[in-house]
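Hi there,

Here is the structure I promised to pass on. Please have a look at it first, and my notes follow below.

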Amino acid sequence: MSKNALITGGTSGIGKYIALELAKQGFNIVLNYRNMKDDTLDLKKEIESNNVKCLLIKADVSKFDECKQMVDETIKELESIDVLINNAGITKDTLLMRMKEEDFREVIDINLVGTFNMTKNVVPYMMKKRSGKIINVSSVVGVVGNAGQSNYAASKAGIIGFTKSLAKELSSRNILVNAIAPGFIETKMTDVLSDNVKENILNQIPLKRMGTPQEIANLVEFLVSDKNSYITGQVINIDGGMVM
Ligand code: NAD
């Protein structure tokens, strides 16, 4: 029987590559998006070319009711959610001295509360099925911190505590919960960095390059596959050796 994977923020960057990789492995894909992008329908077609289904669902993960509706719609169409990838995320970088309260709250609301909103709505279905895999997209910044990203680092560190607690709560139902902590990956999120900042970052990466979204997708594909039956509650760094 085919399995279903729901990916938040799945129409760009890392989420898009995860969606394409899981489709190649035979998963039906639920692509959550906040704003329809020019190439979203092409992405849906590309996913479907793997002979799997693709649902496109608009929802803001920071809104609990929208997450509930998205999960209800998925269950109605596909009957189960076997894999949840909490990938949607934003940055609002600035030093604490300049950070407005709304910059802090918005990042926490989308990155951390959004992860709670989705997980809370999906887990009852996984519990009933007594199986499931959840991947929460954290960041190396959540592990080691970063000047100018106190809001983002707090949200990503929060995701790590959430992941470990849930891995303990849900182990008896055979639901594996892990976090991944990417370093600097070539996406829209890092396109905005100046050449100077990029050069500084490259100097901190032993492999001397940024990662690709495909490299993240390869890790996620392994973690959610049947090959992973014994890894849970872990934070897996994927960062070219930046954090050891
Ligand atoms: P991206 O901007 O391409 O992707 C983020 C996606 O989340 C977008 O599609 C966006 O529309 C969606 N999104 C934002 N707010 C949303 C909301 N409220 N509801 C639903 N969707 C929403 O950037 P990316 O680099 O692919 O980021 C994906 C994840 O990877 C994020 O959680 C990010 O923090 C994390 N990450 C990225 C890097 C990197 O270097 N690019 C490093 C570490 C972690």
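**A helix across the strands**

Let me start with helix α6, residues 150-170, which lies across β5, β6 and β7. Helix α6 runs at about 160° to β6, the strand formed by residues 175-182. Please keep in mind that this is a predicted model.

**The sheet**

Those strands belong to an open sheet of seven strands, paired in parallel, and the order is β3-β2-β1-β4-β5-β6-β7. At the edges are β3 (54-58) and β7 (235-238), each of which pairs on one side only. On average, neighbouring strands of the sheet are turned by 20° against each other, with direction ignored.

**Two packed helices**

On the α3 side, the contact includes Phe64, Met70, Val71 and Ile75, and among their counterparts in α4 are Phe116, Met118, Val122 and Tyr125. By class, this contact has nine nonpolar, two polar and three charged residues.

**Around the ligand**

Now for the part closest to your own work. The ligand is surrounded by 27 residues, and the closest are Ile14, Asn87, Tyr152, Ile185 and Thr187.

- Asp60 places a polar side-chain atom 2.8 Å from a nitrogen atom of the ligand.
- Val61 has a backbone N or O atom 3.0 Å from a nitrogen atom of the ligand.
- Ile185 has a polar backbone atom 2.8 Å from an oxygen atom of the ligand.

Happy browsing, and do write back with any questions.

Best wishes

Terms used:
Residues are numbered from 1 along each chain as its sequence is written. This is a predicted model: local features need pLDDT of at least 70, side-chain atom pairs count only at pLDDT 80 or more; totals for chains, interfaces and linings use all residues. Side-chain values use heavy atoms; hydrogens and water are left out. Two strands pair if DSSP finds at least two bridges between them. Helices (H or I, at least four residues) and strands (E, at least two) are DSSP runs, numbered from the N terminus. Axes are lines fitted to C-alpha atoms, for helices over the stretch in contact, and angles run from 0 to 180 degrees between N-to-C directions. Contact means heavy atoms within 4.5 Å. Ala, Val, Leu, Ile, Met, Phe, Trp, Tyr, Cys and Pro count as nonpolar, Asp, Glu, Lys and Arg as charged, and the others, Gly among them, as polar. A residue is near a molecule or strand if one of its heavy atoms lies within 4 Å of it. A polar contact is a pair of N or O atoms within 3.5 Å; within protein, one must be able to donate a hydrogen and the other to accept it, and residues adjacent in sequence count only if both atoms are side-chain atoms.
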